[in-house]
Amino acid sequence: MGLRVFNTLGMRKEEFVPLRDGEVRIYVCGPTVYDFIHIGNARAFIFADIVRRYLEYRGFNVILVSNITDVDDKIIRRSQETGLSMQRISEIYSDAYFEDLDALNVRRPNVSPRATQHISEMIEVIQNLIEKGFAYQVDGDVYFDVLKFEDYGKLSGNKLEALEMGARIEVNPKKRNPADFALWKSRKEGEPAWYSPWGWGRPGWHIECSTMAMKYLGETFDIHMGGKDLIFPHHENEIAQAESLTGKPFARYWLHNEWLTVGGQKMSKSLGNIITVRDALKIYSPQVLRFFLISAHYRSPLDFNKESIEQAKINLEKIFNAIERLLSLKERSERGEDEEFLLAQVREAKKRFEEAMDDDFNTPLAIAAIFDMVRAVNTYVNRNGEIEAATKSEVYETIRVLLEDVLGIKIEVGKREKTRSDIINSLVELILEVRQEMRRRKEWEISDKIRERLQMLGFIIEDTPQGTKWRLKET
Ligand SMILES: [Zn+2]
């Protein structure tokens with residue numbers, strides 16, 4: 001069975017079929033660059049990165065476009081507060097955004113278009129919308145007329161009548177309908193402005209994304225992503241603008257990730273509980289942070305708290321530890337009897353990993369499949385000191401590709417502090433090597449004594465044609 005994704009448009013899981021054979025085009029709503037990104041933003045960007053990586057793993061050529069909103073009320077306010085120009089503010093925070101993505105091993109988008117570099121395209125789109133009767137101008141502002149777009153509400157499920165009643169929409173006498181939204185805002189004192197057919201002004205936020213998505217990905221493309229908070233009004237409005245203009249479907253699959261809470265609460269400025277990626281990285285490694293953020297399914301809420309992230313750290317250590325044990329096995333030229341079993345288990349687990357990812361990117365189940373591999377490796381290493389080189393490389397490569405290439409977790413071995421169990425393993429190996437030497441010299445008394453004493457300590461020792469195996473007695 002192929003890949004299935006949960007499409008917010010229609011609210012159901014669907015088979016994923018790209019528009020063009022072998023190619024997937026994705027748009028991800030990028031940051032408004034007025035501050036550092038926080039770990040909730042990071043969850044969305046990491047999820048988009050994993051979708052991209054998994055599609056590439058599945059053989060698709062992926063084109064990912066993610067905008068940078070560099071003109072917005074928040075940037076203007078920040079500029080007024082700090083005395084720095086709007087350009088300087090957006091430069092500082094877009095540089096910081098890319099640094100944070102790099103730190104989290106989120107691959108950079110193929111294109112990161114900036115809103116201020118696409119003003120003429122936006123003006124053209126707005127002009128077209130006015131000509132087609134979907135938008136109207138009032139005193140230098142241009143609004144989208146939601147009543148003209150029949151499908152308005154199809155993404156969010158919000159009915160227009162309900163919107164009109166809603167207290168969330170501010171009363172604006174210029175609008176024909178309270179749910180109409182601004183495509184172009186006339187200049188206000190102290191704000192940046194561009195010249196347009198409606199006078200000086202600047203574009204609204206929603207038109208930026210529609211315009212840039214269509215410019216780089218075409219009128220219809222495959223996947224549009226973003227946090228759940230963007231469904232309404234942002235994505236609903238993006239659809240209204242683009243589909244009114246072209247008469248064609250805009251994005252075919254809409255994927256939205258759930259909230260990240262902190263200590264059970266939504267992150268917000270007013271609660272003062274916003275954790276930036278930078279601050280989180282002062283305490284946790286990027287691998288641990290990333291591993292934690294994908295430990296829940298993207299459509300499930302996830303809470304950032306000390307216990308959960310410590311647990312993620314321990315789990316990741318277990319994976320790295322098993323990889324290190326595998327890599328430290330001595331290589332031999334022929335395949336031993338336990339190896340077939342190890343390979344079979346690893347291949348089966350790889351299938352489970354793919355099934356999990358095919359089922360709407362179920363990362364917790366995919367991680368569970370990696371743990372099945374970890375257990376198989378540990379069982380093997382507990383019983384064997386050697387492995388055929390080809391087996392070692394197949395097992396390692398399987399884990400490496402899934403962990404590094406698909407989940408984006410870089411394997412860290414060698415530079416970790418050795419754990420107590422690593423030391424015990426090495427010590428037992430050393431003792432068994434000495435015993436082997438004694439046996440070769442027919443020093444039976446000493447070799448039997450070593451075996452006896454190890455057994456008294458709880459080790460089970462078996463001499464087989466493939467060498468001496470050991471494991472700890474189950475307690
Ligand atoms: Zn957007």
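Me: Before we start, what should I know about the numbering and the model?

Reply: Residues are numbered from 1 along each chain as its sequence is written. The model is predicted: local features need pLDDT of at least 70, side-chain atom pairs count only at pLDDT 80 or more, and totals for chains, interfaces and linings use all residues.

Me: How many helices and strands does the protein chain have?

Reply: Helices (H or I, at least four residues) and strands (E, at least two) are DSSP runs, numbered from the N terminus. Here that gives 15 helices and 17 strands. The C-alpha trace spans about 100 × 50 × 35 Å along its principal axes.

Me: What are the domains of the protein chain?

Reply: Domain bounds come from an automatic or database domain assignment. In this chain they are domain 1 (4-257), domain 2 (280-406) and domain 3 (420-472).

Me: Which helices supply the side of domain 2 that touches domain 3?

Reply: Start with contact: two residues are in contact if their C-beta atoms, placed from the backbone, lie within 7 Å. Nine residues of domain 2 are in contact with seven residues of domain 3. On the domain 2 side, helix H10 (306-327) and helix H12 (363-383) each supply at least two residues. As for class, Ala, Val, Leu, Ile, Met, Phe, Trp, Tyr, Cys and Pro count as nonpolar, Asp, Glu, Lys and Arg as charged, and the others, Gly among them, as polar. That side of domain 2 has no nonpolar, five polar and four charged residues.

Me: Which residues of H11 are buried, and which are exposed?

Reply: A residue is buried if 20 or more other C-beta atoms lie within 10 Å of its own, exposed if 12 or fewer, and partly exposed in between, with C-beta atoms placed from the backbone. In H11 (residues 337-358), the buried ones are Glu339, Leu342, Val346, Ala349, Phe353 and Met357. Down the helix axis they fall within an arc of 90 degrees (taken from the directions from the axis to the C-beta atoms), so they line one face of the helix. Glu337, Glu340, Ala344 and Lys351 are exposed on the other side.

Me: Where does Phe361 lie, and what is its phi?

Reply: Most residues other than glycine have a negative phi, and most peptide bonds are trans. Phe361, in the loop between H11 and H12, has a positive phi near 50 degrees. Phe361 is buried, with 24 other C-beta atoms within 10 Å. Lys442 also has a positive phi, about 60 degrees, and lies in the loop between helix H14 (420-440) and helix H15 (444-456). Lys442 counts as exposed, with 8 C-beta neighbours inside 10 Å.

Me: Which peptide bond is cis?

Reply: Look at Phe232 to Pro233, where omega is near 0 degrees. Pro233 sits in helix H7 (residues 231-246).

Me: And in what sense do E9 and E10 pair?

Reply: Two strands pair if DSSP finds at least two bridges between them. Strand E9 (residues 221-227) and E10 pair in the parallel sense over six bridges. His256 in E10 is the bridge partner of Gly226. E10 (residues 251-257) is mostly covered, with six of its seven residues buried.
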